[in-house]
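Work through the exercises below with the sequence and the model side by side. Try each task before reading its solution.

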Amino acid sequence: MGLTLVFGVLGIGDFAHGDKMGWGMFLAFFVVSAEGANLGFAGGRFGSLSFGWGLVVGLLVAMIGVALLSVILERLVFRRLRAAGGGFFVFAIASLGISIMLRAVIQLIWGPSNFRYTPGIHPAIEILGGIKVKPDQFFIVGVTVLAAVLLYWLLYRTRFGKAMRATSDNPDLAEASGIETNRVRIGTWIVAGILGALAGVMLGLQAEVRFDAGFRLLLPLFAAVILGGIGNPWGALIGGLTVGIAQEVSTQWINTGLKPGVPFVIVIVVLLLRPRGLFGQVR
Amino acid sequence: MNERTPLLQVEEFSGGYVDGIDIIHDVALDLYQDEILTIIGPNGAGKSTLLKAIVGALPFERGRRWFQGEDVSGWSTPRMIASGVGYVPQVDNVFTSMSIRENLEMGGYMRKTGLRERIAEVLAMFPDLEGRPRERASRLSGGQRQMLAMARALMLDPVMLCLDEPTAALSPAARGELLARIYNIHMSGVGILMVEQNATEALVWSDRAVVMVDGDKALEGTGLDMLTSADVGRAFLGQGDGEGFTIEEGGLT
């Protein structure tokens, strides 16, 4: 959702989004890990979930950190490129460079190992029809739905969110309406950063904390965004679910090694039938 | 007339989109609040460029501009809008993915209070738009879009409205209706600066007009002078622009 927002409002295909997720993942890890424990952040568990207040604080730190990082990058890199007349490809290549840099710094600090937010085995519980789900996964789904609802509320019910949509629709006219589009851009980066950090922490909770976990998800992310219709947050959510479920279900019939290719087959088929994606709007 | 402060004053305005290639040269203009001033001229004369520069939508600027007696040279568009200028671009002048109401909300983005009331007031000026606030702008006809574009620009109660070819691509009936609306807006105390291609119709409603040719101000006079001037007709016929700039001999009939 963060990726599609940046795409829609700022016209930037942000290849660094995956690694920003990585930063969110590791900032939270810092808080819940030994270093964090020394600061008094670790500890506790909520009911049958695998984590406690430590991760909640970690999530907040991650959100603030990644939002700040995104704003700094906008001012340092993207605003200058925009002023110099840079277009879509310039932004994309710049973000690719940023992506490599961000990942390298994570590896430099935390190394190439895998970590978990909380060690130990977290048993799944059985729900209807013998399907086993971990309590954490309920939490992740809940948080995702909540994030989507909040994003909808922001975009369609608040003054600033509407200004984001207006800037996405027509930046020149937004300026001619008195909207300070530079502020809107900063706001967009903040929202996308918060969403990216959230996604990173959820990914760390579901899988493992690893320096390139966010980056590995980048291509499926783009597939989800394109599938859902570029710039459409709801589309991105549906696209994400479609890509994720298709990938997992596909292993029933094809070799697991071919799994990463599945989203792209879907994208190609969908784009042939609906060039603007499932929920893309015709202007 | 000249003892009053002009609403807008522009002096020695020159510039273009690319450094070193000027589209307009040393243009001077003034507009009073009780006037409709129309800039006419053939395609490529620099009319729209001039209007964009006046509202601060083009980075180039040589020369100075004053608005309500204040030097506003170098001001950005949002700053100009905040100080009482409404601007309606020629194309892409509504947010197509947003509803009528949302378009007006964006027009009133800078309003601290009274947004709801102002939306109701503005809608009352454009009956075509009333009663369907949730309709998406992309579903409106060309004429309705122009109405919405003007309504959006009126949300901040501007004292000056800059219109870039408002009647372009409209049917003759819609053109007449729109110009009548512009006149009504003007009568409520808004100075109008308008760029027009459909010159004859626009001149009828104009107090004054400026003719631009190749980036220069070629002529200036009252709307009626322009309508009856053989020079204006000849100048454009001489350009051979073939785009329907027709002032019949003997003026308006």
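The model is predicted.

**Exercise 1. Describe the side of domain 1 of chain A that touches domain 2 of chain A.**

Solution. Step one: count the residues. Domain 1 of chain A gives 15 residues to the contact, and domain 2 of chain A gives eleven. Step two: find the helices. On the domain 1 side, α1 (2-10), α2 (17-32) and α6 (135-157) of chain A each supply at least two residues. Step four: sort by class. That side holds ten nonpolar and five polar residues, and no charged ones.

**Exercise 2. How many residues of chain B are in contact with chain A?**

Solution. Step one: count both sides. On chain B there are 22, in contact with 15 residues of chain A. Step two: locate helices on the chain B side. α2 (77-82) and α3 (100-107) of chain B each supply at least two residues. Step three: sort the chain B side by class. Twelve residues are nonpolar, six polar and four charged.

**Exercise 3. What is the strand order of the open sheet of six strands in chain B?**

Solution. Step one: trace the order. It runs β6-β7-β8-β3-β9-β10 (chain B), and the pairing is mixed. Step two: find the edges. β6 (85-88) and β10 (216-222) of chain B each pair on one side only. Step four: inspect one pair. β9 (208-213) of chain B runs antiparallel to β10(B), and six bridges join the two. V211(B) faces L219(B) of β10(B).

**Exercise 4. Which strands does α1(B) touch as it packs on the sheet?**

Solution. Step one: list the strands. α1(B) touches β3 (36-40), β7 (160-164), β8 (191-196) and β9 of chain B. Step two: take the angle. The direction of α1(B) makes about 145° with that of β7(B).

**Exercise 5. Is helix α1 (47-54) of chain B mostly covered or mostly uncovered?**

Solution. Step one: apply the cut-off. A residue is buried if 20 or more other C-beta atoms lie within 10 Å of its own. Step two: count. Eight of the eight residues of α1(B) are buried, so by this cut-off the helix is mostly covered. Among them are K47(B), K52(B) and I54(B). Step three: look past the helix. G56(B) follows α1(B), with a positive phi near 80°.

Key: Residues numbered from 1 in each chain as written. Chains lettered and ligands numbered in written order. Predicted model: local features only at pLDDT ≥ 70, side-chain atom pairs only at ≥ 80, totals over all residues. Buried ≥ 20, exposed ≤ 12 C-beta atoms within 10 Å, placed from the backbone. Helix = DSSP H or I, 4+ residues; strand = E, 2+ residues; numbered from the N terminus. Contact = placed C-beta atoms within 7 Å. Nonpolar A, V, L, I, M, F, W, Y, C, P; charged D, E, K, R; others polar. Pairing = 2+ DSSP bridges. Axes fitted to C-alpha atoms, helices over the stretch in contact; angles between N-to-C directions.
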